[in-house]
Amino acid sequence: MDQTQFLCDLVKTTEQYNQIIRSPTESDFPDVLVFKLPDSTNVTCPLCMTELIRTGRFATGENKAQPPRLLYNTHRNVLLVSQMLLCSKCGYFHSHNESLLQQTTVNPPFIIFSRSGATEDFYNFVVTSLSQGKRFRYEGNVFGF
Ligand SMILES: [Zn+2]
């Protein structure tokens, strides 16, 4: 089973949203965070202000234009699989889109940067470590001391 199929199956069966789903330690599959906005929350398109439509679609990579997003984490990195919301005029938006999050009271357990992201735990770990004078190196998508 490849990663995309694993993520598709996980999204279909999970009831755990917005928290890290740990993969068995011996597994080759990553930890996953399936992220969606509460069903009661209405959000509008950041471009045209039309109300967005909730779809059953998530960024699993099944659609090549909607891959999961890598989040750095303290023990094992996490794939962020976000719910996709549809604007009938402008197309799809990830539920982790900052413009959408600003319309809600949702406090996601991650931080998104332009090319990557980090879990809240990892971000706090890095900030604390830097403030204590520790230095990091970064090679091939891996952080180390
Ligand atoms: Zn729109």
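This briefing walks through the fold, the core, the strand pairing and a few loop residues of the chain above. The model is a predicted one, in which local features need pLDDT of at least 70, side-chain atom pairs count only at pLDDT 80 or more, and totals for chains, interfaces and linings use all residues. Residue numbers start from 1 along each chain as its sequence is written.

**Overall fold**

- The chain holds three helices and ten strands, where helices (H or I, at least four residues) and strands (E, at least two) are DSSP runs numbered from the N terminus.
- Along the sequence these elements follow the pattern α-β-β-β-β-β-β-α-β-β-α-β-β.
- The radius of gyration is 16 Å, close to the 15 Å that the globule rule gives for 145 residues, so the chain is as compact as a globular protein of that length. For reference, this radius is taken over C-alpha atoms, and the rule is 2.2 Å times the number of residues to the power 0.38.
- Taken along the principal axes, the C-alpha atoms fill a box of roughly 50 × 35 × 25 Å.
- Buried residues make up 26% of the 145 residues; a residue is buried if 20 or more other C-beta atoms lie within 10 Å of its own, exposed if 12 or fewer, and partly exposed in between, with C-beta atoms placed from the backbone.
- Of the contacts with a separation of 6 or more, 58% link residues 24 or more positions apart; two residues are in contact if their C-beta atoms, placed from the backbone, lie within 7 Å.

- In soluble globular proteins, nonpolar side chains tend to be buried together.
- Here the largest nonpolar core has 26 residues, and those with the most contacts inside it are V32, L33, V34, L71, V78, L80 and V81. The elements giving two or more residues to this core are α1 (3-13), β2 (31-35) and β5 (78-87), and β5 supplies the largest share, six residues.
- Such a core is a set of buried Ala, Val, Leu, Ile, Met, Phe, Trp, Tyr and Cys residues joined through C-beta atoms within 7 Å.
- Not counting residues up to four places away in sequence, V32 touches L7, L10, I21, V78, L79 and V81.

**Strand β2 and its partners**

- β2 is mostly covered, with four of its five residues buried.
- Strand β1 (residues 20-21) runs antiparallel to β2 and is joined to it by two bridges; strands pair if DSSP finds at least two bridges between them. I20 has L33 as its bridge partner in β2.
- β2 and β5 run parallel, joined by five bridges, and F35 has S82 as its bridge partner in β5.

**Loops and backbone details**

- Most residues other than glycine have a negative phi.
- N18, in the loop between α1 and β1, is not a glycine but has a positive phi of about 60 degrees. With 16 C-beta neighbours inside 10 Å, N18 counts as partly exposed.
- Q19 also lies in the loop between α1 and β1, and counts as exposed with 10 C-beta neighbours inside 10 Å. Beyond its neighbours within four places in sequence, Q19 is in contact with L33 and P109.
- M49, in the loop between β2 and β3 (53-58), has a positive phi of about 70 degrees without being a glycine.
- G133 follows α3 and has a positive phi, near 90 degrees.
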